[in-house]
Amino acid sequence: MFTHLKNIDTAFKHIKLFSYFLIAACTVISCFALYKSYQAANLASNHVYILANGKALEAFAADRKDNIPVEAKDHIKMFHHYFFTLDPDEKVIDANIGKALYLADESAKNQYNDLKEKSYYNNLISGNISQQVTVDSIQLDIDQYPYHFKCFATQKLIRSTSTANRSLVTQGYLRNVARSDNNPHGFLILHWETLANRDTTIQQ
């Protein structure tokens, strides 16, 4: 009888020990599963998929500071495109200038007003002249804020009888602002000025 009780006691101890091991194993597996789930969620949050032309393209999340040179240069490029790409149509001129003025401070507005007072835009319309600009290069200093830039571009004036190419050099500063539909890069051009704007070649 004592032997029988001893066997029961030993079996109970074995079952108890096995239960401890089982609980510990379940705890470890649960913790590992939670860790991997958290890791997978963080990894997934850094990936964004964009649907373009029927294809899913993966975009990667990055800090703004990593993209400052790219975004700043594109902001400067788009501003010059809107400000200097004009056709002999008042609505086209107003639309492009309006988009440009969202990207800069009053310094751009002042230059626009000066050109308007000099009948520059009226001359484009009356002379059926189209104006295009190509940004050749941009020098950008991101070591100091606000960021200073200098833009080198080629301006083209297209007439019915000739095409004139002009060398355009401008400079200004960039400061951070909130992003919006009208200002997707979140920069604002400050103290913008034209350093040079002279004819280089004329093609008949």
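This report walks through a predicted model of a single protein, from its overall layout down to a few individual residues.

Some ground rules come before the tour. Residues are numbered from 1 along each chain as its sequence is written, and side-chain values use heavy atoms, with hydrogens and water left out. As this is a predicted model, local features need pLDDT of at least 70 and side-chain atom pairs count only at pLDDT 80 or more, while totals for chains, interfaces and linings use all residues.

**Overall layout**

The protein has 5 helices and 6 strands, taken as DSSP runs numbered from the N terminus (helices are H or I with at least four residues, strands are E with at least two). Reading from the N terminus, the elements go α-β-β-α-α-α-α-β-β-β-β. Of the 204 residues in the protein, 27% are buried; buried here means under 20% relative accessible area, exposed means over 50%, and partly exposed is in between, using a 1.4 Å probe and protein chains only. As for contacts (heavy atoms within 4.5 Å), take those in the protein with a separation of 6 or more: residues 24 or more positions apart account for 58% of them.

In the model, residues 17-35 are 100% helix and 0% strand, with 27 Å between the end C-alpha atoms.

**The nonpolar core**

A nonpolar core is a set of buried Ala, Val, Leu, Ile, Met, Phe, Trp, Tyr and Cys residues joined through side-chain atoms within 4.5 Å. The largest one has 30 residues, and Phe 79, Phe 83, Tyr 121, Phe 149, Leu 174 and Trp 192 have the most contacts inside it. At least two core residues come from each of H2, H3, helix H4 (106-117), helix H5 (120-126), strand S3 (130-141), strand S4 (147-158), S5 and S6. H2 gives the largest share, with 6 residues.

Setting aside neighbours within four places in sequence, Phe 79 is in contact with Ala 100, Leu 103, Ala 104, Ala 108, Ile 189 and Trp 192. Ring pairs also link Phe 79, Phe 83, Phe 84 and Trp 192 into a cluster. For ring pairs, the centres of Phe, Tyr and Trp rings (the six-membered ring for Trp) must lie within 6.5 Å; planes under 30 degrees apart count as stacked, over 60 as edge-to-face and the rest as tilted. The structure holds 8 aromatic pairs. One of them joins Tyr 112 and Tyr 121, a tilted pair at 5.3 Å centre to centre with 45° between the planes. Tyr 112 is buried at 8% relative accessible area, and Tyr 121 is buried at 6%.

His 75 sits in helix H2 (residues 64-84) and is buried, with a relative accessible area of 1%. A polar atom of the His 75 side chain lies 3.3 Å from the backbone oxygen of Phe 187. Not counting residues up to four places away in sequence, His 75 touches Leu 103, Leu 174, Asn 183, His 185, Phe 187, Leu 188 and Ile 189.

Pro 88 is in the loop between H2 and helix H3 (90-101), where Pro 88 is partly exposed at 28%. Its C-alpha atom is 8.4 Å from that of Asn 122, 34 residues apart along the chain. Beyond its neighbours within four places in sequence, Pro 88 contacts Leu 124, Ile 125, Asn 128, Ile 129 and Ser 130.

**Salt bridges**

Side chains of opposite charge can pair when their charged atoms come close. With a salt bridge defined as a side-chain nitrogen of Lys or Arg within 4 Å of a carboxyl oxygen of Asp or Glu, the count comes to 2.

| Salt bridge | Closest N and O atoms |
|---|---|
| Arg 179 and Glu 71 | 2.9 Å |
| Asp 199 and Arg 166 | 2.9 Å |

Asp 199 in strand S6 and Arg 166 in strand S5 are 33 residues apart, so this pair links distant parts of the chain. Asp 199 is partly exposed at 46% relative accessibility, whereas Arg 166 is buried at 18%.

Methods:
Polar contact = N/O pair within 3.5 Å; in protein donor to acceptor, adjacent residues only side chain to side chain.
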